[in-house]
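Take a look at the model below. We will go through its sheet, then the helices on it, then the interface.

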Amino acid sequence: MSAPTDGPLLRVEDLRVEFPTEDGVVHAVDGITYEVHRGRTLGIVGESGSGKTVSSLTTLGLTRAQGARVSGRLLFEGKDLVTLSDGEMRAIRGNDIAMVFQYPLSSLHPFFKVGAQLIEAVRVHQDVSKAQARARAIELLGFVGIPDPSRRIDEYPHEFSGGMRQRAMIAMALANEPKLLIADEPTTALDVTVQAQILALLERLQRELGMAIVIITHDLGVVAEMADDIAVMYAGRIVETASAKLLFAGPEHPYTWGLLKSIPSLSGTRKEQLVPIPGTPPSLINRPSGCHFHPRCPYSQPDHARIDPQLQPIPGEPTHHVACLLEPDVRGRLWSELHAGSTPEQARASVGLPAPQEKLASAAETVGDMPEVGL
Amino acid sequence: MTRYIIRRLLWGVLLLIAVSALTFVLFRILPTADPAKLRAGRLQSPKIIAEIRHDLGLDKSLPTQFWLYMKGIFLHFDLGYSYYSNAPVKELIFNRLPATISLVLGGAVVWMFAGVGVGIVSARRAGSKLDRASMGTALVLVSAPEYWLGLLMLFFFASDIGKIRVFPGAGSYVGLTAEPSKWFTSLIMPWLVVAAGTAAIYARLLRGSLIETMGEDYIRTARAKGLSERRVVLRHGLRAAINPIVTVLGVDIAILLGSSVLVETVFDIPGIGRLNYEALLRSDFPIVQGTVLFASLFVVVANIVVDIIYAYLDPRVRYS
């Protein structure tokens, strides 16, 4: 099969991932569609439990062993990954599609030397001698900016610093020059200064190797720096998607506003208040009716608990999609109020929306009481 | 590391002295038959008994006896002489050691392979019928007393008295150097009996440890690399899951070297355990003392060896 060179590298179509459990079916990913293009970066943003990690693990076929029910299509260079056998999937994993995980220390095997783990990654997919693989491993470590790689290759992961471990993980992912690199919260477990270094490294690698990157994060700051396109996920669905430029210029979904308003900005005044999103992400077994975000949404209206919003282009911006039941002009006015520094209550009042029912109050009470349940 | 080992060795020596003192006192305080009387046989006159008592050094005070005993060990590695046969205890023990070592090391090989094998299969198919059957059998084997299992084996499979006569029965042991094939066949049943309980414990231990390990992030990484499931389990999973087992293996072998009394008695294998058992019946203190000291020595050394091996197994562990 010849790989088409035009069109997206990865096209995810109506992907659903469900886990049957004793308590009921967990709808981890609930019909998401997105595209990843060669040489570009897609940022998938959301809280823990929004399905962003599960969707990526499913792309690699890694949720199969956990008994996941997968439907929809995962078209990678035209091949549907959902229908591939385990063996065919294995040939793609770590080869055409590679993944970098959140916690570099626990993601590296503690009992094997960094070099041995890199050599293994090379030799799974390439028929080369140990010596050749070792030379390649040293080259990879040097490439991701680890000083003195020919010495450090014989060290164990615990002898590396946090940033160095993540560099080693990235080196391992690059072993077979993947076309797509999925980075799942690659900087979350790292110090802020190291975070910037790792992001810069990923950007450099993308420039030099031309791979596509999917970066999964809860941190809009990270995607602002790196992503060309952004998909915001909530409760297993994409609630807003656009190019990074459009999304930061005019976010449309109240959840995106919440994410934006809960980031402290260095340029803003100290008086500018951070506004947390009240409540916690919903259970993925018994999801809220209607718009899944309505119990936490400061602008929700009575019928939002009944009507399930669809992802639709916004007027005048065919590439900017949002799943929100508020009228486009109301959303526009709300965001300009919020952007000017109003609280959600002030914004609501000035736009003339009635306050939502006591649901919100009860949701707000739970802030901080409940542990975040991630998948 | 060297300093750590030296410190551990010194503590080990102290521990052995303490164990010796304890056994020394125990066997002289507890009501046992008077060894002098046992030796006197039919000549039970007080004079003869007093003479024997003097010959054996039993007329000296307890601390003096202990002091002399310790002096003998430290200066000449002399464990004294058997009250019963007058043979040097050291020699008796060394003569019996090969049989016990054959039994225990062979048993260890059996229980490692059986335990680890069953553990892997059970862990990979956790919850299946096979898993439940394996773990049920394991529970039975853990609970079954060794001598009972041994007698059952003899009853069913011994070539002389068994229902299905396949394996050489009790008293068929010959040394490895004398006749290797006979050595092997004579030990098959004892090995299975010695290994049964430990194999069951190891299977359960490894099952739990492997299930836990397979949920680790680095296993996900191994899968994400595109490794085969077989390699993920056997190399990445097992390498981490087997650690707790290696830790107990050394100590289990050591404990058994000093306490295989029941299996050696049931199968009539001339090992340390049997020597100890015979000595107890005859109130032969020096032999009891010697075998207990050896057993403790095995345990102390095994613990140190295990700690050293552990540092090699888990590169994150460093002693100072």
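Which strands of chain A does helix α11 (residues 254-261) lie across? Helix α11 of chain A lies across β3 (41-45), β9 (229-234) and β10. Its course is at about 105° to β9(A). Angles run from 0 to 180 degrees between N-to-C directions, with axes fitted to C-alpha atoms, for helices over the stretch in contact. Helices (H or I, at least four residues) and strands (E, at least two) are DSSP runs, numbered from the N terminus.

This is a predicted model: local features need pLDDT of at least 70, side-chain atom pairs count only at pLDDT 80 or more, and totals for chains, interfaces and linings use all residues. Residues are numbered from 1 along each chain as its sequence is written, while chains are lettered from A and ligands numbered from 1 in the order in which they are written.

Now the sheet. In chain A, 8 strands form an open, mixed sheet, ordered β6-β7-β8-β3-β9-β10-β12-β11. Strands pair if DSSP finds at least two bridges between them. β6 (97-100) and β11 (312-314) of chain A are the edges; each has a single partner strand, so one side of each lacks a neighbour in the sheet. On average, neighbouring strands are turned by 25° against each other, direction ignored.

β10 (residues 237-243) and β12 (residues 317-322) of chain A pair antiparallel over 2 bridges. Thr241(A) has His321(A) of β12(A) as its bridge partner.

A further helix, α7 (residues 162-174) of chain A, lies across β6 and β7 (180-184), at about 170° to β6(A).

Last, the interface. 22 residues of chain A are in contact (C-beta atoms, placed from the backbone, within 7 Å) with 17 residues of chain B. On the chain A side, α4(A) gives the most, with 4 residues.

How values were computed:
Contact = placed C-beta atoms within 7 Å.
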